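Hi everyone, thanks for coming. I'd like to walk you through one model today, so please have a look at the screen.

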Amino acid sequence: MFQTKLDECGFTLLTSGLMIYIMGVYNVALHTGGLQYSTFGIAAHSFPLEWLIGFLLAFFVASRTAKFFAFRVVQLTDRTIFKILCIQTFTVCTMVPLMSLLGTLESSGLTADLPVIWLQTVALNFVMAYPLQIFVVGPFCRAVFRSRMGARTHAADEEDQAISEGFAG
């Protein structure tokens with residue numbers, strides 16, 4: 001899908017930004033007892049630093065880790081949609097523990113209970129992050145990216161075909 005590192009960087013900025021903000025809203029709602037209008041502002045307050053850290057983790061750690069594991073499951077000849085879903089799965093499996101640790105440190109501090117609070121946070125965040133990435137943020141960001149960059153590669157054309165055949169993008 002990406003022809004250059006700049007393309008990949010732009011896509012990661014967009015994807016990480018949406019995921020981090022939405023997950024921030026989700027976590028604030030969990031900690032405050034529900035979703036309220038103020039939840040969005042509270043999440044926005046910590047968003048810039050979380051986005052910076054999350055982007056760096058996604059670009060330099062999760063991207064490489066996800067591709068490493070994904071291409072041990074799928075082959076280069078497999079349909080593009082399967083490769084995308086596999087990479088997204090391993091990206092979420094990498095990012096959720098890392099960002100949950102950041103959020104746990106941010107909300108609870110460095111305490112003796114950190115490991116158990118972090119494990120609970122990972123479990124609660126994974127339940128939200130995985131479907132959010134697979135069904136909402138991933139397809140939305142790919143659509144935005146394709147509309148801004150154009151279908152410049154065969155992979156994008158193959159992905160469009162997979163989507164049109166009903167294999168959700």
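I'll start with the pocket and then turn to the aromatic rings.

A word on the basis: this is a predicted model, where local features need pLDDT of at least 70 and side-chain atom pairs count only at pLDDT 80 or more, while totals for chains, interfaces and linings use all residues. Residues are numbered from 1 along each chain as its sequence is written, and side-chain values use heavy atoms, with hydrogens and water left out.

The largest pocket holds about 1,300 Å³ of space. By pocket I mean an open set of points on a 1 Å grid over the protein atoms alone, where a 1.4 Å probe fits, with protein on both sides within 12 Å along at least five of seven lines; lining residues have an atom within 4 Å of a point. The volume is the space filled by probe spheres set on those points, which are joined across faces, edges and corners. There are 50 lining residues, and T15, M19, T91, M95 and Q133 are the closest to the centre.

Which element gives the largest share of that lining? It is α3, with 17 residues. Helices here are DSSP runs of H or I, at least four residues, numbered from the N terminus. By residue type, the lining divides into 22 nonpolar, 21 polar and 7 charged, with Ala, Val, Leu, Ile, Met, Phe, Trp, Tyr, Cys and Pro as nonpolar, Asp, Glu, Lys and Arg as charged, and the others, Gly among them, as polar.

Now the rings. The count is 8 aromatic pairs, meaning rings of Phe, Tyr and Trp (its six-membered ring) with centres within 6.5 Å; planes under 30 degrees apart are stacked, over 60 edge-to-face, the rest tilted. F11 and F145 have ring centres 5.6 Å apart and planes at 80 degrees, so this pair is edge-to-face. F11 is in helix α1 and F145 in helix α4, so the pair ties together parts 134 residues apart in sequence. Both are buried, that is, under 20% relative accessible area, with exposed being over 50% and partly exposed in between (1.4 Å probe, protein chains only).

F68 and F69 are also an edge-to-face pair, at 5.1 Å centre to centre and 85 degrees between the planes. F68 is partly exposed at 41%, and F69 is partly exposed at 40%.

Lastly, Y21, F47 and W51 make up one aromatic cluster.

Terms used:
Helix = DSSP H or I, 4+ residues; strand = E, 2+ residues; numbered from the N terminus.
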